[in-house]
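Please look at the model below before reading the questions.

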Amino acid sequence: MASPRPRPGILEITPYVGGKAKTASGKPVAKLSSNESPLGPSPKAVAAYQATAAELHRYPEGSSAALRREIGRRFNLDPDLVVCGAGSDELISLLVRAYAGPGDEVLYSRHGFLMYPLAALAAGAHPVAAPERQLTADVDALLARVTSRTRLVFLANPNNPTGSYLPAAELARLHAGLPPDVILVIDAAYAEYAEAAADYASGIELARNAPNAVMLRTFSKLFGLAALRLGWMTAAPEIVDTVNRVRGPFNVSLPAQAAGVAALEDVEHLERARAHNQRWLPWLTAELQALGLTVHPSLGNFVLIDFPDQPGRDAAAANAFLEAEGIIPRQIAAYGLPHSLRLSIGLQEENRRVVAALAEFVRG
Ligand SMILES: Cc1ncc(COP(=O)(O)O)c(C=O)c1O
């Protein structure tokens, strides 16, 4: 008997699995699996969120106008060239759905953010992975894989889960090497952390000036609003118009819009969160390296740690050991990195627990 069948590509999708939030250890949990902000959201954002409780029976303003205005003010952008989404994940899907379908290719780098190939498959398009060099996107390898079928190139800068980045000049070279009908999507989810590096560029200038570049941002990391699902993008008017045609009319909830505006205004809180990361990222990196572990340089709010490929000493064993201590890292075999774990920067006490636990693990 005939049965309903999804479109080709859909059954190739292995659904995205988010970071774990619980362990069986009974110990206090340090959830370091999802690159969230350890300081949480601005109290002002929480108050703004709570203040929407009386309005929950009303549809939100569909274009997130007040939030786009605030983003425009803060980033010196025309609010008409900003689109808000239910997380940057939604915007990734909308961009792929609008520009790629069966027979088209979506290019990304081998250890790039997992949502890019998943969104491509969901749209019936073909994800193409370009090899990296030392866990870093390789501009020449990406450009070599552009074909007449390529519609979009996704680059997380800095990248999750590797923490690596392309300097501004390399980003410009990647864009300059693309045909004009191929869109470069620069996913700057961790831009606020990365801006400390002198040669870093978020891609906002490319998105402002080029007809085929998009910059994506999120409220899930520095802003501490992951639960509300809020992200935004900016691009040329034609791309913005296209995405607005495919997005749901009320895709961002009222509480998310309200909290987003308040979060942007609380510059002090953002600076605290950024300073926390600037202090603890180098500390954690150095402490773990001192244990003899390979820790990759990161411009995000997380580190990538390599473990030896030996039973009992490998990433799976380290993961089990940490979980028994109540510490939850992220296993990243789905990214092609089975011998590594990703650990988000936590609160001071959590970071110290990580080092103490891994010291014990390394000692055996
Ligand atoms: C590079 C990158 N892009 C996008 C996202 C998704 O962010 P959002 O919560 O806004 O959907 C993440 C989340 O981990 C990420 O690491």
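Predicted model: local features only at pLDDT ≥ 70, side-chain atom pairs only at ≥ 80, totals over all residues.

Q: Which strands stand at the edges of the open sheet of 7 strands, each with a single partner strand?
A: The order of the sheet is β2-β8-β7-β6-β5-β3-β4, and the pairing is mixed. A strand with a single partner strand has one side left without a neighbour in the sheet, so it stands at an edge. The two strands of this kind are β2 (82-85) and β4 (126-130).

Q: Which residue in β8 is the bridge partner of V83?
A: Strands of a sheet pair through backbone hydrogen bonds, either parallel or antiparallel. Here β2 and β8 (residues 231-234) run antiparallel and are joined by 4 bridges. In β8, the partner of V83 is M233.

Q: At about what angle does helix α2 run to β2?
A: Helix α2 covers residues 65-75. This helix lies across β2, β7 (213-218) and β8. Its angle to β2 is about 125 degrees.

Q: What percentage of the area that the ligand exposes when taken alone does the protein buries?
A: An N or O atom in the side chain of N160 is 2.7 Å from an oxygen atom of the ligand. Taken alone, the ligand exposes 390 Å². Of that area, the protein buries 94%.

Key. Residues numbered from 1 in each chain as written. Heavy atoms only, no water. Pairing = 2+ DSSP bridges. Contact = heavy atoms within 4.5 Å. Axes fitted to C-alpha atoms, helices over the stretch in contact; angles between N-to-C directions. Polar contact = N/O pair within 3.5 Å; in protein donor to acceptor, adjacent residues only side chain to side chain. Areas by Shrake-Rupley, 256 points an atom, 1.4 Å probe, with all protein chains shown as cover.
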